Amino acid sequence: MREVAVVGIGMTKWGELWNKSLRDIYVETALMAIDDSGVDHIDSMYIGSMSSGIFVGQEHIASLLADYLGCAPVPSTRVETACASGGLALRLGFMEVGSGMSDIVLVSGVEKMTDVGGDEATYALGTAADQEYECYHGITFPGLYALMAVAHMDKYGTTRKQLAEVAVKNHKNGSKNPLAQFPFEVTVDDVLNSVKVADPLRILDCSPITDGAAAAIICPVELAKKLNKPIVKITGSGHATDAIAISQRKDMTWLESTYKAGKSAYEMAGKNPGDIDVFEVHDCFTIAELCVMEALGLVDKGKSGEAVERGRTAVEGDIPVNPSGGLKSKGHPVGATGIAQVVEIVKQLREESGERQVKGARFGLTQNMGGSGASTVVHVFERE
Amino acid sequence: MEGIVGYGAYIPRNRIKVEEIAKVWGADAPSYKKGLMLEEKSVPSPDQDTITMSVEASKSALKRAGIDPLDIGAVYVGSESHPYAVKPSGTVLAEALGATPEVHTADFEFACKAGTEGMFVALNLVKAGIITYGLGVGADTSQGAPGDALEYSAAAGAAAFIFGKDKVVAEVLETYAYMTDTPDFWRREYEYYPQHGGRFTGEPAYFKHVTGAAKGIMNKVDMQAGDFNYVIFHQPNGKFPFKAGKILGFSREQIEPGWLVNKLGNTYSGSSPLGLTATLDIAKPGDHILLVSYGSGAGSDAFILKVTPRIDEVRDLAPLTREILNNNKKYLEYGEYAKFREKIRKAE
């Protein structure tokens, strides 16, 4: 397999983009990545999008967006594995370049979520859970993660304040990210007194509904060297699945798909969790970040809350998690999130992250998760 | 100079608390109270509607104006809850006031902005010299679907303003209108409850138009936020007017006198006009007031007023708005409220 590098990244300000359509957001972002890379064409493209059909009533967006980007007739593929769609788009592009099938591939993600009301958005997101065994009984995503939070608190003594500390840390990081949807700080008290969503989770434990896109250009390392760009290699890729319904898992606090995808990616890269300098993980709810930290081996089982509380996951901590602000502060346009994580890790490894830069970061990891953890995609990156 | 010669307010005595509604729907009352800055809302009795409340408010306006109702040349009622789809509210009001038959009437509808539309037209007919006095009323018995966020705010009330050239208590120095096609809230024919676009009702709808109108009118007369003693914005919930004020540079002190929504709810077409009546109740001669309404669909009307010394002569000729709001309240349980609002009906 050929060595693959990320040579261009693109992301615009995320938020409630009332004046832009899905295609506007996408094209703007993809062009940024193409410009950043300096390539004069692409051979193929992948688009992660969870539910453009429900959110904007448009399927067949692979062709639509290739056309609007001015790239038709290049092959274009839409990828869907719920909120991990973006991460999977990268993995497929990585395989295509690595195998030699294509040289320059645009990997991207997009979601336009605010064209529907809150109820419909909740329904669309709910389709990432098990319709027959979960959703038909009335549960929504905050409810599923609330169950996981209660289980984690019960099993390990994780506290309500420790959950809040995840949001506080991510908002602090996000306040230094000009592209974040909510670039402001919050306090533990703000979180604990915010509107209740699904006990024990409150609104400031939850990632928001966001419009946004993110894009990256990947190519073989030999080609990257000719482009005179800082080279960030993709050295590991892992992808795994789990029971979609949390009732079918042995332990509600354990994300088996994240563990398995992480293990594959670490092995491929020849790295251990301790070798990684910076992590971008899927904090769709504060409890998710804690469970992910444990499944990726950043801390022992049950020790994540304490690690966050002690500041270990802050930008200046020993295991920096979500310097971008995470899904919590940066926003969560579901299909785009996995690629936005790549954008942040590439910025970190290029040392272009400004005030939220993890000093001397050379190895980075992205973890992008679908639903309540039934799919996970993990990638390991290295600055040459 | 043309302006308001008399004003009046009316609010039904029934109230329902946020807790009482939240209890029924299993909602978290503290979250609603904090999120929307609402405590309770007014509820009309079964025999009250937009017309009866318009009559009450207009009678108070007539008392303060001290004019002959036959001198009123125009009667305009703005509401999104006119009791009849076909048959005017304005004719009943004009008849009840003794202003018929030589009077022009019309019913206005523009979501929560209909009240200031009637005021705008009545004022400008006076300015044009076509009528001596004109009456503009904003009144609503607004409905929120059971369990919807709107149910915590949709309230009832009316405010009436008589415009003329003499006996003016507040001169209207300037008017301004700002609107676009923005579908944030609607109710189709034959539908009982309105629908809304959730968070779309905020930034691209309310805030865009309210701040657009406020900036537009202030630019027109070269005034700044600090030049006003008071400002009244449309009050769909407690938070929005303060946020709009913050964007525009107004202080809490300028907003609070006309901010009734925490105890009143959103009276739709009556909302910002009632805020103006409460502000006139405490204003002093020479004070400058900015009024900015908002109606979904969407648009804002803005008025700049300057209070005259006559305010002190007429203020106590009719009930003060905060007295109506705070006195003689009767709290309803949800069942009684549901009956009053015809959310449940007795079998025929």
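Me: What pLDDT does chain B average, and how do you know how its residues score?

Reply: This is a predicted model. pLDDT is the predictor's confidence in each residue, from 0 to 100. Chain B averages 96, and 100% of its residues score at least 70. For the complex, the predictor gives an ipTM of 0.80 and a pTM of 0.89.

Me: Which stretches of chain A does the assignment call domain 1 and domain 2?

Reply: Domain 1 is 4-117 + 210-232, and domain 2 is 129-207 + 236-383. The bounds come from an automatic or database domain assignment. Taken over C-alpha atoms, the centres of domain 1 and domain 2 of chain A are separated by 23 Å. Their contact takes 37 residues from domain 1 and 34 residues from domain 2 of chain A.

Me: Which elements give two or more residues to the side of domain 1 of chain A that touches domain 2?

Reply: In chain A, these are strand S1 (4-11), helix H4 (85-99), strand S4 (105-112) and strand S7 (211-220). H4(A) gives the largest share, eight residues.

Me: How many residues on that side of domain 1 of chain A are nonpolar, polar or charged?

Reply: The side of domain 1 that touches domain 2 of chain A has 21 nonpolar, twelve polar and four charged residues.

Note on methods:
Residues numbered from 1 in each chain as written. Chains lettered and ligands numbered in written order. Predicted model: local features only at pLDDT ≥ 70, side-chain atom pairs only at ≥ 80, totals over all residues. Contact = placed C-beta atoms within 7 Å. Helix = DSSP H or I, 4+ residues; strand = E, 2+ residues; numbered from the N terminus. Nonpolar A, V, L, I, M, F, W, Y, C, P; charged D, E, K, R; others polar.
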